Amino acid sequence: MQLGVRAIAGIVITLFVCFAGLQWVGPFEDDYWSVISDFIGSSHPLFLHLPIGLWFAVCALMLASIFVRDSVPRSIVYGLTVLTFVSALLTFSAGFILYLGGGYGRATIALHMYSSLAFLVSLATFLFFYSTANRPSFEWLSAGVTTAVLLIAGHAGGVITHGDPLDRAPWRIFAERANQEFKSVDAVASGRIFDSLVAPILEDKCMACHGVERAKGKLKMNTYAALLKGGSKGACLLPGDAAGSLMIQRINLPLDDTKRMPPADKEQLSLDEAAFLKWWVSAALPEEQSIESISFPSEQQAYVQSIMGDNPEAIQARAAKARSKDLLLKYADFQTRYPGLLVQSVVGEALFELNAVSLLGYDEASVRTALEPLVDSIIRIDWNRRQLDTAWAKLFSAAAIVEVLNLSDSSFSDEDLLLLLSTMPELKKVNLTGTEFSDEQVDSIRAHSNIETIVLTGTQLSEVGYQKLINHLPSADVISDYSM
Ligand code: HEC
């Protein structure tokens, strides 16, 4: 057809030269150009749907021509493919300019960039076979390859902007969240100046651009080591030398300076925060320096107190909150592994109710291990129609705040029941209906003056035992076969 073999060969060779050339081209270091390239590059997401749509239209037309012979003129398919090629070239150029603006590491975009280029090459090859029109099998083969390469390029591009789709899988999100939160709970508990007072400022005001995902100026600020390492202009933090440290220089530039950090249109550091960072750098404090080991100069007190609070209650309240947060996270983790077994007694509070009906099908030993950190926050246990063996009784002996214990129709040994009851001083309601509970076990209830209701219908309890129990618990509601 129209496009000559030589033209196609020329295109393919040019693209191969681009392949090789890309090896040497790196992002602009210059701020001026990176702003401009950011702008041009921003059209990349706009363009990119064009070649994808066009190419699938080409595929659809080719498929249609199998089912209804000669229904689609070849010139139309050819024309559409040329359009695909041109739009893909535009998209590629815009994407490449976006890359030159910096902020994307080469490793991040390598697959996307090279597979996109491979798409262009493959498209040109397809054009060649299609225009010679005498080798249908090659047409189909190169169409298949082109589609595969496009899928790879598209997926790799999606990973850059939206992250790996699997990263949003619920199990990964829960694990990641728990991990993050544990880290921040740990950070507060670590009592280090860097974790508790410095990192939160950087996290708030800098890491959107200098974090794990983006590293403007090749600078990451997510760890102490990363600050020392710095970015394209070298170390960002020189402990002991505030005036020489790039991070302090940049945050103190006038607002209208293009090198001011954070950039003028972004949320700025408060005066206290800026002063604290400057003091921290000049004090040359190592990463491990603890908060207690330092008495802060009076100018830094305001910031330190705004973060740490100053009275014992505030500190305790924070610790309690951290603890219940920690528990809720462990609970979330437990919940993803064993849905339904443990429910929150009050939404948002770290008090739980255990229902053994949902145990069915789980390995009990693993459930016990997972339950261990949560067991002292359980306030209700429903254990119907199950054996309560020694392993469970041992675990529950740590459940010191249980108020409701329902053992109806379950089986247990004397010792295990004794173990349970002797370690649950808060019990208010106990249900032993249909169990082997007998006169011998009455004594184990004796200490529980808090019990409000105890149900003993259908047990081995004799009338004598019943009378004895009533004497033990004069204010409780004792429901048994004899109380009717
Ligand atoms: C909105 C994005 C953004 C935020 C937020 C931001 N920066 Fe930047 N930063 C950039 C860009 C873009 C560059 C590269 C251009 C330049 O050097 O000015 C850069 C470069 C830097 C550099 C030079 C790195 C090098 O070696 O080239 C330092 C130091 C820096 N930033 C510190 C900070 C600090 C400290 C904060 C937080 C208080 C911060 N930045 C917040 C976008 C940001």
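**Note on helix packing, sheet and ligand shell**

1. Helix 12 and helix 13 are oblique to each other, because angles under 35 degrees count as roughly parallel, over 145 as roughly antiparallel, 65 to 115 as roughly perpendicular and the rest as oblique. This is a predicted model: local features need pLDDT of at least 70, side-chain atom pairs count only at pLDDT 80 or more, and totals for chains, interfaces and linings use all residues. Residues are numbered from 1 along each chain as its sequence is written.

2. Helix 12 (residues 271-282) packs on helix 13 (residues 298-308) at about 120°, axes 9 Å apart. Axes are lines fitted to C-alpha atoms, for helices over the stretch in contact; angles run from 0 to 180 degrees between N-to-C directions. Helices (H or I, at least four residues) and strands (E, at least two) are DSSP runs, numbered from the N terminus.

3. D272, E273, A275, F276 and W279 of helix 12 meet E299, Q300, A302 and Y303 of helix 13 (contact: C-beta atoms, placed from the backbone, within 7 Å).

4. An open sheet of seven strands runs 1-2-3-4-5-6-7, with mixed pairing (two strands pair if DSSP finds at least two bridges between them). Strand 1 (342-344) and strand 7 (477-479) are the edges, each pairing on one side only. Strand 1 pairs with strand 2 (residues 352-355) in the antiparallel sense, over three bridges. Q344 stands opposite F352 in strand 2.

5. The ligand has 24 residues around it; C206, C209, K216, G217 and G231 come nearest (near: C-beta atom, placed from the backbone, within 6 Å of the molecule). Helix 11 (residues 246-251) gives the largest share of this shell, four residues.

Key: Contact = placed C-beta atoms within 7 Å.
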